[in-house]
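The following exercises concern local features of one protein model.

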Amino acid sequence: MLEKVTQINELYDVYQGLLTKKQQEYMELYYHEDWSLSEIADEVGVSRNAVHDNIRRTEKLLVGYEEKLKIYEKDSKRRQFYDKIKACTDDVAVLELVAQLEVV
């Protein structure tokens, strides 16, 4: 379960700009603020089931974006390469270049 939560949080960080404001609000409250489905439902004035359905659809949407675009996967691989480069050299110029790449 924790692995799924971590995955959804990471995908949300990458793809949140592609979601509607309502999807963003529900995901923020549920995953980042740790609100229950009932708390979110009470706050926004809808049923608990409506919140549940919206969150599940949004999770599937995030996974679908990643399956198609692979932005998170590519970024993870890039970070692994940066770590390998840093571990293989003491060259200050190379390390500075890697540091610059990491923030781009």
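**Exercise 1. Backbone angles in loops**

Between which two helices is the loop in which Asp34 is found? The model is a predicted one, in which local features need pLDDT of at least 70, side-chain atom pairs count only at pLDDT 80 or more, and totals for chains, interfaces and linings use all residues. Residues are numbered from 1 along each chain as its sequence is written, and side-chain values use heavy atoms, with hydrogens and water left out.

Solution. 
Step 1. Asp34 is found in the loop between helix H2 (21-32) and helix H3 (37-44). Helices are DSSP runs of H or I with at least four residues, numbered from the N terminus.
Step 2. The phi of Asp34 is positive, about 60°, although this residue is not a glycine. Most residues other than glycine have a negative phi.
Step 3. Asp34 is exposed, its relative accessible area being 65%. In this scheme, buried means under 20% relative accessible area, exposed over 50%, and partly exposed in between (1.4 Å probe, protein chains only).
Step 4. Lys70, in the loop between H4 and H5, also has a positive phi, near 60°, in a residue other than glycine. With 32% relative accessibility, Lys70 counts as partly exposed.

**Exercise 2. The surroundings of Glu59**

Which residues does Glu59 touch, not counting residues up to four places away in sequence?

Solution. 
Step 1. Contact means heavy atoms within 4.5 Å. Under the stated exclusion, Glu59 touches Lys4, Ile8, Met27 and Tyr31.
Step 2. Lys4 is also part of a network of salt bridges that links Lys4, Arg56 and Glu59.
Step 3. Tyr31, another of the residues touched by Glu59, is buried, with a relative accessible area of 14%.

**Exercise 3. A salt bridge between helices**

Which residue forms a salt bridge with Glu102?

Solution. 
Step 1. The partner of Glu102 is Lys86, and the closest N and O atoms are 2.9 Å apart.
Step 2. Glu102 is in helix H6 (residues 92-103) and Lys86 in helix H5, so this pair ties together parts that are 16 residues apart in sequence.
Step 3. Glu102 is partly exposed at 36%, and Lys86 is partly exposed at 33%.

**Exercise 4. Aromatic pairs**

How many aromatic pairs does a search of the whole structure find?

Solution. 
Step 1. Rings of Phe, Tyr and Trp (its six-membered ring) pair if their centres lie within 6.5 Å; planes under 30 degrees apart count as stacked, over 60 as edge-to-face and the rest as tilted. The search finds two aromatic pairs.
Step 2. The ring centres of Tyr15 and Tyr65 are 5.7 Å apart and the planes stand at 45°, so this pair is tilted.
Step 3. Tyr15 lies in helix H1 (residues 2-15) and Tyr65 in helix H4, so the pair ties together parts that are 50 residues apart in sequence. Tyr15 is buried at 1% relative accessibility.
Step 4. For Tyr30 and Tyr31, the ring centres are 5.0 Å apart and the planes stand at 85°, so the pair is edge-to-face.

Definitions and conventions: Salt bridge = Lys/Arg side-chain N within 4 Å of Asp/Glu carboxyl O.
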